[in-house]
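The sequence and structure come first.

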Amino acid sequence: MSTPRFQLRSSIGKKLLNGLTGVLLLLFIVAHLAGNLTIFVGKDALNAYAATTHSLGPLLIVIELGLAAVFLVHAGSAISVWRDNQAARDTRYMVSKSKGAASKQTVASRTMIITGLVLLAFLILHLWQFRFGPTTPAYQTTLPGHAGEVWNLHLIVVETFKNPIWTALYVVVMILLGFHLRHGFWSAFQSIGALNPKLRPIAFSAGVVFAIVIAVGFLLLPIFVYLAPDPNAGVLGLVKP
Amino acid sequence: MSAQNGTGLRSYKLKVWRQPRGAAGGKLVDYEVSGIDPGMSFLEMVDQLNESLLKRGEEPVAIESDCREGICGTCGVVIDGMAHGPIPNITTCSLRMRSFPNGATITVEPFRAKAFPIIKDLIVDRSAMDRIQRRGGYVSVNAGSAPEANATPIARDVQESAMDSAACIQCGACVAACPNAAAHLFVGARVRQFALLPQGHPERNERVLAMVEQMDAEGFGDCSNHGECEAACPKSISIENIATMRREYMRAAVGKR
Ligand code: HEM
Ligand code: SF4
Ligand code: FES
């Protein structure tokens with residue numbers, strides 16, 4: 001038999017890729033949420049945040065392409081793992097039950113491919129709506145302390161989420177993201193061999209907290225925009241007469 | 001004491017997977033057993049069923065067993081959807097009928113995985129595990145006789161941890177219980193057992209690479225960290241062994257000894 005080699009295509013290699021990109025996506029999702037929270041401050045805060053990222057110029061393109069690669073490797077490795085697993089059990093059990101106790105099996109762990117594919121479809125829609133949203137003169141605005149005009153991302157956000165259908169869709173997808181993260185959070189660290197018997201239970205429990213914080217953090221945003229009488233003023237708009 | 005916990009003889013309705021040798025499929029067949037002592041093992045209950053089947057001139061249920069004391073690893077079946085039945089950390093042969101309330105319906109199926117083809121009824125071919133074992137589940141250096149105790153000091157916890165991994169009896173319950181039919185717990189235990197001890201170090205990299213290669217070639221699934229294997233393992237082998245295998249696999253990539 002030929003000398004065995006390290007293979008990224010092996011069952012272990014695929015999960016190393018899936019886990020490593022998973023950890024990067026965890027970092028990304030935290031950063032993304034932090035940026036989005038500027039909406040609660042108001043129109044200028046969000047547009048200033050957008051203007052700052054755009055001022056990165058070519059570096060932004062590099063970051064975006066890197067992120068796209070991370071998403072593609074993550075989804076690709078995940079789909080490949082899923083296909084292997086479909087093939088590995090050709091006859092299903094008539095009765096199947098978790099044996100509990102040590103098991104880490106959850107609704108979340110069993111539906112990773114579903115929540116993942118929803119996230120992939122959502123990602124395309126989401127980029128289409130916002131990253132590649134309208135830039136016509138109607139979507140330019142001024143920003144205090146900023147020469148000339150900037151892109152009015154805030155207007156796109158408000159226009160989108162004043163529509164209850166978009167708000168409802170985003171809320172549902174964010175709940176599914178929460179499920180993906182409930183298993184994904186601890187699983188990513190396990191996949192790259194970063195856990196030991198002490199850390200494992202902590203990471204497993206922390207996954208619940210992480211999932212809830214991220215999902216709720218994101219879904220409050222469309223709800224806020226939908227309900228706020230004056231989203232331009234941020235949360236202050238809620239208390240102003 | 002209720003009838004459920006009493007020591008009186010019990011009756012059960014069984015649904016047993018029957019699949020003739022060489023057949024592509026099978027089905028659950030209903031049986032009834034009575035006069036079952038709660039202290040009987042699950043296998044003894046099946047023996048009793050088989051005796052009554054033989055008396056009626058029917059084909060007995062094929063089920064594997066050898067030691068009947070939890071060490072050989074041959075007896076595994078899936079009982080009520082759980083590998084080795086509902087009680088954690090024991091084999092099917094150690095399972096007692098007192099774990100099933102009188103009158104219960106019990107479903108018995110073989111371990112199901114593409115890499116474990118069904119031979120007959122509840123017996124599956126687990127030689128895929130032997131073939132993985134042959135790719136590195138041993139040391140080929142001459143380890144000699146027991147060395148002088150202080151010549152190669154090994155910390156007590158390391159020694160215990162290696163022993164925990166070595167407790168694997170190659171029963172295949174981890175594969176049976178895994179939603180992905182992955183064999184990572186078994187292979188991880190083998191890899192970790194040798195990775196922790198100096199005798200395993202000369203072949204450390206080749207071992208993990210070869211065993212993983214064979215595991216994939218046999219058609220086992222990939223690990224999604226469901227952790228169901230640990231729950232089903234009669235020897236409480238932890239998924240720490242899977243984490244170790246992943247670390248060893250990465251280590252082998254950079255060629256470190
Ligand atoms: C915001 C986007 C996403 C985040 C933050 C994210 C995060 C994660 C994390 C942290 C893991 C655990 C990795 C591991 O167990 O090694 C994971 C696993 C997984 N992801 Fe994602 N993911 C995202 C998008 C996607 C997409 C677009 C797909 C598309 C198919 C996907 C499918 C999966 C699947 C199937 C798994 C489980 C793989 C397995 O069975 O072991 N994810 N994800
Ligand atoms: S790891 Fe546990 S369940 Fe898997 S083969 Fe070994 S003893 Fe059986
Ligand atoms: S018959 Fe040997 S372990 Fe059950």
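## Second largest cavity

The second largest cavity has a volume of about 90 Å³. Its lining has 15 residues, and Cys168(B), Cys171(B), Cys174(B), Cys233(B) and Ile237(B) are the closest to its centre. A cavity here is a set of points, on a 1 Å grid over the protein atoms alone, where a 1.4 Å probe fits but cannot get out; lining residues have an atom within 4 Å of a point. Grid points are joined across faces, edges and corners, and the volume is the space filled by probe spheres set on the points.

The model is predicted: local features need pLDDT of at least 70 and side-chain atom pairs pLDDT 80 or more, while totals for chains, interfaces and linings use all residues. Residues are numbered from 1 along each chain as its sequence is written, chains are lettered from A and ligands numbered from 1 in the order written, and side-chain values use heavy atoms, without hydrogens and water.

In chain B, α4 (173-177) and α5 each supply at least two residues of this lining, and α5(B) gives the largest share, three residues. Helices (H or I, at least four residues) and strands (E, at least two) are DSSP runs numbered from the N terminus. By class, the lining has 12 nonpolar, two polar and one charged residues. Ala, Val, Leu, Ile, Met, Phe, Trp, Tyr, Cys and Pro count as nonpolar, Asp, Glu, Lys and Arg as charged, and the others, Gly among them, as polar.

## Largest cavity

The largest cavity holds about 110 Å³ of space. Among its 16 lining residues, Cys178(B), Cys223(B), Gly227(B), Cys229(B) and Ile242(B) lie nearest its centre. Both α5 (184-195) and α7 (228-232) of chain B supply at least two residues each. The lining comprises nine nonpolar, six polar and one charged residues.

## Nonpolar cores

The largest nonpolar core has 49 residues, and Val187(B) and Phe220(B) touch the most other members. Such a core joins buried Ala, Val, Leu, Ile, Met, Phe, Trp, Tyr and Cys residues through side-chain atoms within 4.5 Å. A separate second core, of 33 residues, includes Leu119(A) and Tyr139(A).

## Positive phi

Asp121(B), in the loop between β6 (118-120) and β7 (123-124) of chain B, has a phi near 45 degrees. Asp121(B) is buried at 2% relative accessibility, where buried means under 20% relative accessible area, exposed over 50% and partly exposed in between (1.4 Å probe, protein chains only).

Gln170(B) has a positive phi of about 55 degrees.

Methods. On a 1 Å grid over the protein atoms alone, a cavity is a set of points where a 1.4 Å probe fits but cannot get out, and a pocket is an open set with protein on both sides within 12 Å along at least five of seven lines; lining residues have an atom within 4 Å of a point.
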